[in-house]
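The report below walks through one protein chain, from its overall arrangement down to individual side chains. Please keep the model open alongside the text while reading.

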Amino acid sequence: AEGVKDGTPVFKYTRWRVKGKAIPEVVNEYSSLGAELNVLPFCSQFIPMEIIDFPKHGSIIYHPSLLPRHRGASAINWTLIHGDKKGGFSIFWADDGLDTGPILMQKECEVFPDDTISTLYNRFLFPEGIKGMVESVDLIATGKAPRMNQPPEGGTYEGIQKKENAKINWDQPAEAIHNWIRGNDKVPGAWSEVNGHVSVE
């Protein structure tokens with residue numbers, strides 16, 4: 001509705017690729033707009049490189065971790081599961097790897113012992129992420145946006161948290177159990193089986 005008011009075309013594609021190849025109709029429709037920059041906040045799909053590389057300024061992506069730590073999905077979950085004392089977000093230039101492109105900006109915050117995905121996201125990652133994206137676009141517009149290669153050391157990729165792998169392992173220290181529960185709260189939810197009944201924390 002806002003796009004119509006502003007005269008801005010809006011498309012919502014369920015997918016950009018089929019069997020690893022870009023869908024020609026989608027690429028053509030996108031290309032016809034003549035975009036100068038792609039801004040991908042919280043991108044949950046693999047976007048074809050034909051789209052990523054099309055604009056003259058390339059593409060920037062928001063990621064809710066301090067890259068190269070916690071690349072890939074469930075980055076906020078893993079920040080908490082690992083008991084990281086600091087978290088934050090990265091805005092980086094997209095390349096053909098998974099969250100491996102050069103860093104444009106990073107902002108960090110303290111992670112409190114009782115933070116959950118929601119509190120960390122709502123307190124810092126969401127509001128400061130919006131400001132960071134606006135600042136990043138301004139830096140690109142004025143030709144001042146940096147491209148800092150990610151360091152080769154310190155990179156992690158733990159994979160997506162789903163219900164089937166969120167079961168609590170009670171045979172570990174209390175702090176690790178605490179971090180596991182809050183790192184899965186509220187999605188997908190840590191769970192355990194007690195006397196034959198499943199309990200979700």
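Among contacts in the protein chain between residues at least 6 apart in sequence, 59% join residues that are at least 24 apart. The model is a predicted one, and in it the C-alpha trace spans about 60 × 35 × 35 Å along its principal axes. Of the 201 residues in the protein chain, 40% are buried. Six helices and eight strands make up its secondary structure, and along the sequence these follow the pattern α-β-β-α-β-α-β-α-β-β-α-α-β-β.

**The sheet and the helix on it**

Four strands form an open sheet in the order E3-E4-E5-E6, and their pairing is mixed. E3 and E6 are the edge strands, each pairing on one side only, and neighbouring strands of this sheet are turned by 10° against each other on average, direction ignored. E5 and E6 run antiparallel and are joined by seven bridges; Lys86, for instance, has Glu110 in E6 as its bridge partner. Helix H5 packs on the sheet, where it touches E3, E4, E5 and E6, and its direction makes about 155° with that of E6.

H5 covers residues 117–141 and bends by about 35° at Leu125, with a proline, Pro127, following within four residues. Its buried residues are Ile117, Leu120, Phe124, Leu125, Gly129, Gly132, Met133, Ser136 and Ile140. An α-helix has 3.6 residues a turn, so residues three or four places apart point the same way.

Just after H5, Gly143 takes a positive phi of about 70°.

In soluble globular proteins, nonpolar side chains tend to be buried together. The largest nonpolar core here has 17 residues, of which Ile60, Tyr62, Phe89, Ile91, Leu104, Leu120 and Leu125 touch the most other members. E4, H4, E5, E6 and H5 are the elements that give two or more residues to this core, and the largest share, six residues, comes from H5. Leu125, the residue at which H5 bends, is in contact with Tyr62, Pro64, Ile76, Gly88, Phe89 and Leu120, leaving aside its neighbours within four places in sequence. A second, separate core has 16 residues, among them Tyr30, Ile51, Ile61 and Ala94.

The side chain of His70 is joined to that of Glu158 by a polar contact of 3.1 Å. When residues up to four places away in sequence are not counted, the residues that His70 touches are His63, Ser65, Ala75, Trp78, Thr79, His82, Asp84, Thr156 and Glu158.

Definitions and conventions. Residues numbered from 1 in each chain as written. Predicted model: local features only at pLDDT ≥ 70, side-chain atom pairs only at ≥ 80, totals over all residues. Heavy atoms only, no water. Bend = angle between axes of the 7 residues up to and from the residue. Buried < 20%, exposed > 50% of the residue type's maximum accessible area, 1.4 Å probe, protein only. Polar contact = N/O pair within 3.5 Å; in protein donor to acceptor, adjacent residues only side chain to side chain. Contact = heavy atoms within 4.5 Å. Pairing = 2+ DSSP bridges. Axes fitted to C-alpha atoms, helices over the stretch in contact; angles between N-to-C directions. Core = buried A, V, L, I, M, F, W, Y, C linked by side-chain atoms within 4.5 Å.
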